[in-house]
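Take a walk through this structure, one part at a time. Have the sequence and the 3D view ready.

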Amino acid sequence: MEDSLPLHVCHVQTLSIFINRSHALLHSIALAFLIYYRTSFLFQDPDPNTTATPLFLPWLLVFASELLLSFTWLLDQAFRWHPVTRTVFPERLPEDDKLPAIDVFICTADPDKEPTLEVMNTVLSAMALDYPPEKLHVYLSDDGGSPITLHGMKEAWSFARWWLPFCRKYRLKTRSPEAYFSTVSKDDDEGSGSSEFMTERQKIKERYEMFKESIREVRGRLLDPVHGSGITARDHPSVIEVIQDNSNDRVQVDKVKTPLLIYVARE
């Protein structure tokens, strides 16, 4: 591995460094004069011959806001101080069987504050990463132990059996279903202009709408004031569950490789 070619090369932008640092120097000098001017006003002796209302409080508020904006600007200079660009060489990546296994952890706690559908879109995005599925493990840590989250995981796994092959086949750049189907501008995906692509896209979109409706239906049932058990966080035993197929649709399910999806509810 020591003799292998690098996966990226870093280039330092000398001209950008000179321009950014020169601008930062001039801006800092201007801020120093401004702070000196504001400070000198606060400590100057009032004129005994004037009866005008002192402007101490408004001046202090303006000074405080300028200090806050100056501090914000200072923090913004960190990535401008030494700008670099990188040239990547994805063709130098090792074969799939030599890549290491990776774990993706997604944390959630309250389905009211963190809507289940949005959390499941994050799960689907992680499952659709361009990585060997047998070496990708996705964990959802649900501190609230909500039944709607576990149900959403099972539905997301079923939908992923259709979503992942679609992403891989057309090399989608946007792999969150909600973002992909709601975007106004279309990504330049492979085969995006063909009739086959449009037909498959419509089918996947219909399945995604069914997926969303299933989550809404269960949520409404759990929130039923008479028979519902609620969806909020509560005390619960620790749960670890590997999500398996829970649907009767076996048309293409057995042909799809999916990452390992694990639900974890800590006590």
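Which residues is Trp163 in contact with, leaving aside its neighbours within four places in sequence? They are Leu124, Ala128, Leu172, Thr174, Arg175, Ser176, Pro177, Tyr180, Phe181 and Ile204. Contact here means heavy atoms within 4.5 Å.

A word on the source. This is a predicted model, in which local features need pLDDT of at least 70 and side-chain atom pairs count only at pLDDT 80 or more, while totals for chains, interfaces and linings use all residues. Residues are numbered from 1 along each chain as its sequence is written, and side-chain values use heavy atoms, with hydrogens and water left out.

Now the overall plan. The chain has 7 helices and 6 strands. Both are DSSP runs, numbered from the N terminus: helices are H or I with at least four residues, strands are E with at least two. Along the sequence, they follow the pattern β-α-α-α-β-β-α-β-α-α-α-β-β. The chain has 267 residues, and 33% of them count as buried. Buried means under 20% relative accessible area, exposed means over 50%, and partly exposed lies in between (1.4 Å probe, protein chains only). Take the contacts between residues at least 6 apart in sequence: 77% of them join residues at least 24 apart.

Next, the inside. A nonpolar core is a set of buried Ala, Val, Leu, Ile, Met, Phe, Trp, Tyr and Cys residues joined through side-chain atoms within 4.5 Å. The largest such core holds 39 residues, and Val138 and Trp163 touch the most other members. Seven elements each supply at least two residues: β3 (102–108), α4 (116–127), β4 (136–142), α5 (147–170), α6 (177–182), α7 (195–222) and β6 (260–265). Helix α5 gives the most, with 13 residues.

Stay with α5 and look at its partner α4. The two helices pack at an angle of about 40°, with their axes 9 Å apart. Axes are lines fitted to C-alpha atoms, for helices over the stretch in contact, and angles run from 0 to 180 degrees between N-to-C directions. Angles under 35 degrees count as roughly parallel, over 145 as roughly antiparallel, 65 to 115 as roughly perpendicular, and the rest as oblique. So α4 and α5 are oblique to each other. Their crossing is right-handed. A crossing is right-handed if the near helix is turned clockwise from the far one by less than a right angle, and left-handed if anticlockwise. From α4, the contact uses Thr116, Met120, Val123, Leu124 and Met127. They meet residues of α5 including Ile148, Met153, Ala156, Phe159 and Trp163. By class, this contact has 12 nonpolar, 3 polar and no charged residues. Ala, Val, Leu, Ile, Met, Phe, Trp, Tyr, Cys and Pro count as nonpolar, Asp, Glu, Lys and Arg as charged, and the others, Gly among them, as polar.

Helix α4 also packs against α7. The angle is about 135°, and the axes are 10 Å apart. That makes α4 oblique to α7. This crossing, too, is right-handed. Thr116, Leu117, Met120, Asn121 and Leu124 in α4 meet Tyr208, Phe211, Lys212 and Ile215 in α7.

Beyond four places in sequence, Leu124 touches Ala156, Phe159, Ala160, Trp163, Arg175, Pro177 and Phe211. Leu124 and Ala156 are 32 residues apart along the chain, yet their C-alpha atoms are separated by 6.8 Å.

Helix α1 (residues 14–42) and helix α2 (residues 56–76) pack at an angle of about 160°, with their axes 11 Å apart. They are therefore roughly antiparallel to each other. Their crossing is left-handed. Among the residues in this contact are His23, Leu31 and Phe41 of α1 and Trp59, Phe63 and Trp73 of α2. It has 14 nonpolar, 5 polar and 2 charged residues.

Finish with two loops. Leu99 sits between β2 (84–88) and β3. At 15% relative accessibility, Leu99 counts as buried. Leaving aside neighbours within four places in sequence, Leu99 is in contact with Pro94, Tyr131, Pro132 and Lys135. Arg171 lies in the loop between α5 and α6. Arg171 is not a glycine, but has a positive phi of about 50°. Most residues other than glycine have a negative phi.
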